Amino acid sequence: MSQNVPPLVIGIDLGTTNSVVAVAQDGTLTVIPVNGQSSMPSAVGIDPTGKLVVGQAAKNQAISAPENTVLSIKRIMGTDATAELGGKSYRPEEISALILGELKRAAEEHLGRPVTQAVITVPAFFNERQRLATQDAGSLAGLEVLRIINEPTAAALAYGAGQADTAEDETLLVYDLGGGTFDVSVVRVENGIVEVRASHGDIHLGGDDFDEALTALGEERLREKHADALPAAAQRRLKSAMELAKIRLSDEPFATIREEYLTPSGHLETEISRHDYEQLIEPWLVKTLDCVQRTISDAGITAHEIDKIMLVGGVTRTPIVQELLLRTLGMEPRHEINPDLVVAMGAAIQGATLAGQPAPAILVDISAHTYSVLAVVGGDFMGDLLGCCPVVRRGTPLPVTKADLFTTGVDSQKKVAVKVFQGESDDPSQNLSIGEFMVTGLSKVPAGNEIIVQFHIDLNGLLTATATEKRTGLAKSVTIDTAGQHRINLDAARTNLAALFEEQDAAFPDEDDDFQDADIIPWPSGETTAASASEVEAPANSAALLASAKSLRNRAGKLLEQGVAEADAAAIRASLAAVPVAIDARDWDQLCTTLDTLSDLLFYLED
Ligand code: ADP
Ligand code: MG
């Protein structure tokens, strides 16, 4: 290899359902897209023309041609079992090699150079034979596997464990709920060494089970209208629709499933609520919590000794999963790094270390606070719960759109107050109230009228809250600058200073204040006050802006009286003339710009 090409070791999460490849270069971590997606289904197939297909194309054809498609090969890794594909048998290493080869190809295409070395992750419970099989799959794909590391270890690395500048020892719990398997591990970080202390799991528990439970529910609903049994192909189609519904239910309180001609006469159009879905999957979730307890006790610790809980696996985006962990362990699980990608990122970090590259930091934009809605029984409020109900939790990656269901508390409730809070408590008095609005004209129906509240937070911290009456679609929304909540001190300081100047002006009138030459110092004619301006949606700092406009006008007047060079005087007059125009037009941005210019001018001209 030529000297100026630095060594490069890719990180691969070879998952049961999805696989991900990432790389760290010059301290920057990249998840490499495969066919435009950050993860690739771990699927291999032979298409109708006899062509080998890997990834999304193979997953797509699994519905119509299951006999020519292999899924979840990881389940039989390290066994003598084989998979059938296009009439031939293949060892799990061989199928896995096809998946790894596709990831290698995507990495080479993305990086524009050959890739020959990799770190591959495996579940902590994998035995020696399963690890060797994974390594062999790598060799078959043309990859030298420098290290096989545990998935929970990789997740811990991605969260910064064991890096020199985070020298503190810590105990982590990694909860990984993927498509086909669940596992939980206690990871100990000591003197920079990351080690799995205990791990338990269930290789037949995951999102697939939930998709199947939803499919059964869909079939049941279909049978209410159409008696015919569902053929296998239609069942697979329904399952794939249900997987999408399940994913939507992580962010929305309802999902509608529309599948035409599932049977020759049967269309399915049905709605599933998050609540129904959560009840459906509860038995599995309880099982995972038992596993958590067992792992904690096997690690010889108590729940109190856990410093951090980290979420891994697509299904951990389900709100109830996060909530149950919070309730059981009394600690908010961390989910700021994408749970589908975090393992591959950790593998890439390990790869960078082995390649002698600097350890990359993972930077993500996250919501620094929890944003909730107040629900109170009675009055104009929403009534199903008391206190602040989180819609977007602290640590959620931005941008985010999440919605939750609330209901009215009294019969014939005509309006509902939506109060938005920032803060971690369920007690509103402990949180910061950042906005509220009223939805009026609700239908005259008994208590329990469904109101969907959606929060969208963008990368700039602008929160758009929308409340929608589900039965009619009647909606209202407001936008709140959550970042502004922290900058409030700046506004307060401006107002404060402006008040001080006014006091000074009042106390020492002869020194500066009497300047009232209406000809050269214009001022809007109408009675413009902060209060009247606020009716046309003035910003929170409009009062401060007006006060500072007045104070600048006084200073400018004084300077003009003292006499300045003609060019400077002209510049001052031009700025002064623009002030009332902006105020009259309620153009607060323009006013701000004008005042800044004026203030700069005065700063240079005053002694
Ligand atoms: P694995 O580690 O088994 O390869 P992943 O971690 O990729 O699996 O998880 C895949 C599972 O996560 C699938 O069942 C998929 O439907 C589910 N999933 C993906 N995104 C979401 C989401 N937003 N909410 C709920 N489940 C999701
Ligand atoms: Mg996984």
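This is a predicted model: local features need pLDDT of at least 70, side-chain atom pairs count only at pLDDT 80 or more; totals for chains, interfaces and linings use all residues.
Q: Which part of Arg 317 lies 3.4 Å from a nitrogen atom of ligand 1?
A: The side chain, through an N or O atom.

Q: How much of the accessible area of ligand 1 does the protein cover?
A: On its own, ligand 1 has 580 Å² of accessible area. The protein covers 90% of that.

Q: What makes a residue part of the shell around ligand 1, and how many residues surround it?
A: A heavy atom within 4 Å of the ligand is enough. By that test, 17 residues surround ligand 1. Among the closest are Thr 17, Asn 18 and Glu 243. Helix H6 (residues 232-248) gives the largest share of the shell, three residues.

Q: How many residues of each class does the shell have?
A: Twelve are polar, three are charged and two are nonpolar. Gly counts as polar in this scheme.

Q: Why is ligand 1 said to lie between domain 1 and domain 2?
A: Domain 1 (1-159 + 339-358 + 489-503) gives residues to the shell, and domain 2 (207-280) does too, so the ligand lies between them.

Q: Why are E19 and E22 called edge strands of their sheet?
A: The order in this open sheet of four strands is E19-E18-E21-E22, with antiparallel pairing. Strand E19 (387-392) and strand E22 (432-439) each have a single partner strand, so one side of each has no neighbour in the sheet. From one strand to the next, the twist averages 30°.

Q: How do you know that E21 and E22 pair?
A: Pairing needs at least two bridges. Strand E21 (residues 416-422) and E22 have seven, in the antiparallel sense, so they pair. Along them, Lys 419 stands opposite Glu 436 in E22.

Q: What makes E12 and E17 a pair, and in which sense do they run?
A: Strand E12 (residues 170-177) is joined to E17 by five bridges, and at least two are needed, so they pair. The two run parallel. The bridge partner of Tyr 175 is Leu 311 in E17. Their open sheet has the order E14-E13-E12-E17, with mixed pairing.

Q: What do E24 and E25 form?
A: They form a hairpin, with five residues between them. Strand E24 (residues 462-469) and strand E25 (residues 475-481) are antiparallel, paired over seven bridges. Thr 464 stands opposite Thr 479 in E25. In the turn, Gly 473 has a positive phi of about 85°.

Q: What is the phi of Asp 26, and where is this residue found?
A: Phi is near 50°, a positive value in a residue other than glycine. Asp 26 sits in the loop between strand E2 (18-25) and strand E3 (28-31).

Q: How do you know whether the peptide bond from Leu 398 to Pro 399 is cis or trans?
A: Omega is near -5°, and the bond is cis. Pro 399 belongs to the loop between E19 and strand E20 (400-407).

How values were computed:
Residues are numbered from 1 along each chain as its sequence is written. Chains are lettered from A and ligands numbered from 1 in the order in which they are written. Side-chain values use heavy atoms; hydrogens and water are left out. A polar contact is a pair of N or O atoms within 3.5 Å; within protein, one must be able to donate a hydrogen and the other to accept it, and residues adjacent in sequence count only if both atoms are side-chain atoms. Accessible areas come from the Shrake-Rupley method with a 1.4 Å probe; for residues, only the protein chains shown count as cover. Domain bounds come from an automatic or database domain assignment. Axes are lines fitted to C-alpha atoms, for helices over the stretch in contact, and angles run from 0 to 180 degrees between N-to-C directions.
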